[in-house]
Amino acid sequence: RASVNRVVYAFGDPVAGHVDSITPTRLTPDVIALLQEADFRVNQILLKYKLTVSISQVPVILFPPDFGVDGHRSVCIRTFITNDFMTGVPAVPTETIPEEAVLEMVEEVGKIDGISRVCYDLTPKPQGQPNGSDIKICQRVCVERINDKFVNKNK
């Protein structure tokens, strides 16, 4: 049976259908520089909002789907709050991370030439922990809040 193992919010216009076009992505100097720039911008914002203690980790992931912009890649920001680095939850906008900080990260990373889409990962770790209903509720609430704040207010 199929199951959802990752919940990611993609900022920008709604995605219609399946995203199947990618930009080949290898560890070349230009690709590494692109990721380093995105990581730098996210970390500057974390410092600005004094989030480097309350949020345990913030991996910035460069991934190959181009979302219809030929030659571009996408970035996913994965905030992670944990005590043991084995289990944890994402930082929820307006609850454990300021809405302004998330919006600023999305805006700044989105300005980088070669980035087509910025995403925000809402997946707890581990994804399949026993209390799955709480995870699903948290993910649904996170997505609803992000939609209310960032999508519905622009209508």
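Analyst: Glu107 lies in helix 2, where helices (H or I, at least four residues) and strands (E, at least two) are DSSP runs, numbered from the N terminus. The model is predicted, so local features need pLDDT of at least 70 and side-chain atom pairs count only at pLDDT 80 or more, while totals for chains, interfaces and linings use all residues. Residues are numbered from 1 along each chain as its sequence is written, and side-chain values use heavy atoms, with hydrogens and water left out.

Glu107 is partly exposed, because its relative accessibility is 48%; buried means under 20% relative accessible area, exposed over 50%, and partly exposed in between, with a 1.4 Å probe and protein chains only.

Angles here run from 0 to 180 degrees between N-to-C directions, and axes are lines fitted to C-alpha atoms, for helices over the stretch in contact.

Next comes strand 4 (residues 115-121), in which six of seven residues are buried. Strand 3 (residues 73-77) runs parallel to strand 4, joined to it by five bridges; two strands pair if DSSP finds at least two bridges between them. Ser74 has Arg117 of strand 4 as its bridge partner. Between strand 3 and strand 4 the chain passes through helix 2 (residues 99-110), in a right-handed β-α-β crossover. A crossover is right-handed if, with the strands pointing away from the viewer, the path from the first strand over the helix to the second runs clockwise. Further along, Ile77 stands opposite Tyr120 in strand 4.

Strand 3 is buried at five of its five residues. Arg73, Val75 and Ile77 cover one side, and Ser74 and Cys76 the other. Strand 2 pairs with strand 3 in the antiparallel sense, over four bridges, and Leu62 stands opposite Val75 there.

Strand 1 (residues 8-10) pairs with strand 4 in the antiparallel sense, over three bridges. Val8 faces Asp121, and Ala10 has Cys119 as its bridge partner.

Taken as a whole, the sheet is open, has four strands in the order 1-4-3-2 and shows mixed pairing. Strand 1 and strand 2 (60-63) stand at the edges with a single partner strand each, so one side of each has no neighbour in the sheet. From one strand to the next, the twist averages 25°.

There is also an aromatic contact to record. Rings of Phe, Tyr and Trp (its six-membered ring) pair if their centres lie within 6.5 Å, with planes under 30 degrees apart counted as stacked, over 60 as edge-to-face and the rest as tilted. This rule gives one aromatic pair. The ring centres of Tyr9 and Phe11 are 5.0 Å apart and their planes are at 75°, so the pair is edge-to-face. Tyr9 is buried, with a relative accessible area of 9%, and Phe11 counts as buried at 9% relative accessibility.
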